[in-house]
Structure formats: structure tokens, C-alpha cells
Amino acid sequence: MMIPAHADKMLGVDWGTSNRRAYLVERGGRCLARHEDGQGMLAVGGDFAGSLAALRQTMRVDDAVPVVMSGMIGSAGGWQEVPYLDIATPLAALASHLAPVAGHPGCLIVPGYCTRADGVDVMRGEETQLLGALALGVGDGTVVLPGTHSKWVQLRGGRIARFATFMTGELFAMLAAGGTLAAIMGPGEDDDDAFAAGIAQARLGLPLSQSLFGARARVVAKDMAPSKARSFVSGLLIGTEFTASGAGPGARLSILGSNALGAHYARAARHFCEAPAVLDADAVYLAALTQLLQGSQHE
């Protein structure tokens with residue numbers, strides 16, 4: 001299903017597990033309103049319709065304006081589970097694969113993608129950002145989407161050639177919250193040298209569990225100050241992604257995210273390849289919404 005061809009604007013909602021971002025965009029691509037809150041999938045208690053109605057009211061968006069939602073809203077624990085697309089489906093075809101929400105006319109969900117090329121992997125939400133990245137001129141190459149579950153995506157000819165997910169953000173949070181490393185991973189300022197040392201450790205290619213214990217060993221052997229451990233572990237985990245991806249000189253790398261996390265990945269990239277292009281998350285999402293809305297003209 002597609003957005004109605006007569007629609008001159010729509011409400012796009014990036015609805016994740018913990019947070020939600022919403023944009024009212026017109027067909028020409030101009031953003032008319034933006035809203036962000038903590039009403040993610042876990043916070044609404046299953047009342048997605050009521051939460052969306054409240055969002056419309058907050059943003060003063062009429063009920064006649066169509067809504068396109070991406071992210072975990074389409075998962076088994078979301079509003080309505082939407083089947084994954086195979087990566088053979090071009091990203092540009094997303095506009096014609098939007099899933100209508102049963103009983104709620106004008107509400108559509110963007111499907112995610114699944115791959116079985118190197119083991120089973122899935123994405124929800126990132127496909128919309130990738131569509132926006134293509135619209136902003138990103139061509140063949142690798143796109144990194146840092147986050148709780150970081151995605152490394154190879155784009156080729158407007159399609160996802162392959163992708164891999166790393167539980168980097170989640171693992172970092174768990175290590176800092178409890179266990180052997182928690183005592184030395186307290187809050188502190190970023191340390192560039194310790195971050196680089198973590199990356200150098202990752203490049204050795206040792207098992208991650210071994211290198212993680214090495215962070216504690218460095219501290220107790222007094223080879224590293226406890227205040228540096230947090231940055232070391234960050235560099236180790238992020239560096240492990242780069243090492244696994246095979247990124248090297250000449251790699252065409254784009255990082256989708258201009259926040260502090262994106263900056264960490266950009267710093268790490270300089271140890272492996274040329275300076276990456278860093279794309280603003282808002283600009284990418286707005287570009288994707290514009291593509292989806294303009295796609296309805298071809299219905």
C-alpha cells in the first residue's frame with residue numbers, strides 16, 4: 001500500500017523502543033513541525049492508538065493527515081507486526097510496501113529487512129534512514145548506523161547487499177552497570193589515548209571476551225589508570241566492529257549520526273580508512289519521508 005496520491009503532507013514517526021521522533025513534512029520536503037519524546041514502544045503500555053492521537057494533538061496535526069511509522073512499532077511487540085522484506089527488494093520500493101494498520105485508515109508502517117546470507121539478521125527503522133541516505137546522494141559503499149545495536153550496511157545499486165548487527169551499545173551499558181569491569185568504568189571524561197589503545201587492541205583480532213578482561217588486567221597491573229578504562233572499553237568495542245567489517249584504506253564509509261556516538265565512530269574510522277562522511281540523522285529521516293511521500297505520485 002502507498003500513501004494516498006492526493007496527500008500534500010504527512011506525519012512521519014520514528015517510533016523506537018524507548019524514544020519517539022515525529023516530523024510533519026510537506027510533499028516538497030519542507031519540515032513544518034518536529035517533536036521528540038520518551039513515548040517509545042515500552043512506555044505506551046500497548047495503547048499505540050491513544051498515544052498517536054495525543055501526538056497529533058500535541059503537534060496540531062489533523063486526523064486526515066496520513067501517518068507513516070518506522071522502527072520497532074512494526075515488531076512483534078509493537079502496534080502491529082509487519083513482515084520483513086528480503087534484501088533483494090530495492091530501498092526505493094519501500095513506498096509501495098507500506099503496511100496499513102488494521103482498523104486505522106491512513107496509518108502505515110514501514111517494513112524492515114531480513115537477510116540470511118551470513119546467518120540470520122534483521123533491521124527495523126534503519127531501512128528508512130538508508131532510504132534517506134540514498135536520497136542525499138550516498139552511493140555504493142558502507143553505511144554505519146551507530147546505536148544500541150549498531151548496523152553495518154553495504155549498499156550496492158540502491159539495494160542492501162548485506163548487513164550485520166553488533167550489540168555494541170547494549171554491551172557497553174551492561175559492562176558499565178555490573179560485573180567485573182563496572183568498578184573501573186565509572187563516568188569520566190573521554191580520553192583519546194585510551195580510546196586509541198582500545199582500538200589497537202581490537203585490531204589484534206583476539207576473542208572479544210579475552211580483550212575485555214584485558215581492560216581489568218591493565219588496571220590491576222597498573223599499566224592503565226582506572227579513569228581511562230571507560231574510554232579503552234569504548235575503543236575496544238567500536239574497534240571490534242571496524243575490524244570485523246574489514247574496513248581499510250580506500251573504503252567508502254558513511255556514518256549516519258551526528259551526535260556524540262557518531263563522533264566516536266568517526267574518530268575510530270580514522271584508524272582504519274579515510275575520513276568518513278557524517279550524515280545528520282534528522283536530515284536523513286526527512287529525506288526519507290520526502291521520498292515516501294513523493295513515491296505516492298507514481299501510484
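Student: Are Phe-242 and Tyr-265 buried or exposed?
Tutor: Phe-242 is buried, and Tyr-265 is buried as well. Buried means under 20% relative accessible area, exposed means over 50%, and partly exposed lies in between (1.4 Å probe, protein chains only). This is a predicted model, in which local features need pLDDT of at least 70 and side-chain atom pairs count only at pLDDT 80 or more, while totals for chains, interfaces and linings use all residues. Residues are numbered from 1 along each chain as its sequence is written, and side-chain values use heavy atoms, with hydrogens and water left out.

Student: How many aromatic pairs are there?
Tutor: Rings of Phe, Tyr and Trp (its six-membered ring) pair if their centres lie within 6.5 Å; planes under 30 degrees apart count as stacked, over 60 as edge-to-face and the rest as tilted. That rule gives 6 aromatic pairs. One of them joins Tyr-23 and Tyr-285, a tilted pair with 5.4 Å centre to centre and 40° between the planes.

Student: Where do Tyr-23 and Tyr-285 lie?
Tutor: Tyr-23 is in strand β2 (residues 20–26) and Tyr-285 is in helix α8 (residues 281–295), so their pair ties together parts that are 262 residues apart in sequence. Helices (H or I, at least four residues) and strands (E, at least two) are DSSP runs, numbered from the N terminus. Both Tyr-23 and Tyr-285 are buried.

Student: Going back, what do Phe-242 and Tyr-265 form?
Tutor: They form a tilted aromatic pair, 6.4 Å centre to centre, with 40° between the planes. Phe-242 belongs to helix α6 (residues 229–245) and Tyr-265 to helix α7 (residues 260–269), 23 residues apart, and the pair links these distant parts of the chain. Ring pairs also gather Trp-152, Phe-242, Tyr-265 and Phe-272 into a cluster.

Student: Which charged end sits over the ring of Tyr-285?
Tutor: The charged end of Arg-21 does, 5.5 Å from the ring centre. A charge sits over a ring if NZ of Lys or CZ of Arg is within 6 Å of the ring centre and within 35 degrees of the ring normal. Arg-267 lies over the face of Phe-195 at 4.2 Å from the ring centre.

Student: What does Asp-191 touch?
Tutor: Contact means heavy atoms within 4.5 Å. Not counting residues up to four places away in sequence, Asp-191 touches Lys-228, Ser-231 and Arg-267. The side chains of Asp-191 and Lys-228 are joined by a polar contact of 2.6 Å. A polar contact is a pair of N or O atoms within 3.5 Å; within protein, one must be able to donate a hydrogen and the other to accept it, and residues adjacent in sequence count only if both atoms are side-chain atoms.

Student: Where is Asp-191, and why does it count as buried?
Tutor: Asp-191 is in the loop between α3 (168–177) and α4 (192–203). It counts as buried because its relative accessibility is 18%.

Student: Back to α6: how many of its residues are buried?
Tutor: 12 of the 17 residues of α6 are buried, and the helix is mostly covered. Among them are Phe-232, Leu-236, Ile-238 and Glu-241. The expected span of a helix is 1.5 Å times one less than its number of residues. The 17 residues of α6 should span 24 Å, and the end C-alpha atoms are 24 Å apart, which agrees. Just after α6, Gly-246 takes a positive phi of about 75°.

Student: Which residue other than glycine has a positive phi near 65°?
Tutor: Lys-222 does; it lies in the loop between α5 (208–220) and α6. Lys-222 is exposed, at 74% relative accessible area. Arg-60, which is not a glycine either, has a positive phi of about 60°. Arg-60 is in the loop between α1 (48–59) and β4 (67–71), and with 78% relative accessibility it counts as exposed. Most residues other than glycine have a negative phi.

Student: What is the order of the strands in the open sheet?
Tutor: The 6 strands run in the order β3-β2-β1-β4-β7-β6, with mixed pairing. β3 (31–37) and β6 (99–100) stand at the edges with a single partner strand each, so one side of each is left without a neighbour in the sheet. Two strands pair if DSSP finds at least two bridges between them. Strand β1 (residues 9–15) pairs with β4 in the parallel sense over 5 bridges, and Asp-14 stands opposite Ser-70 in β4.
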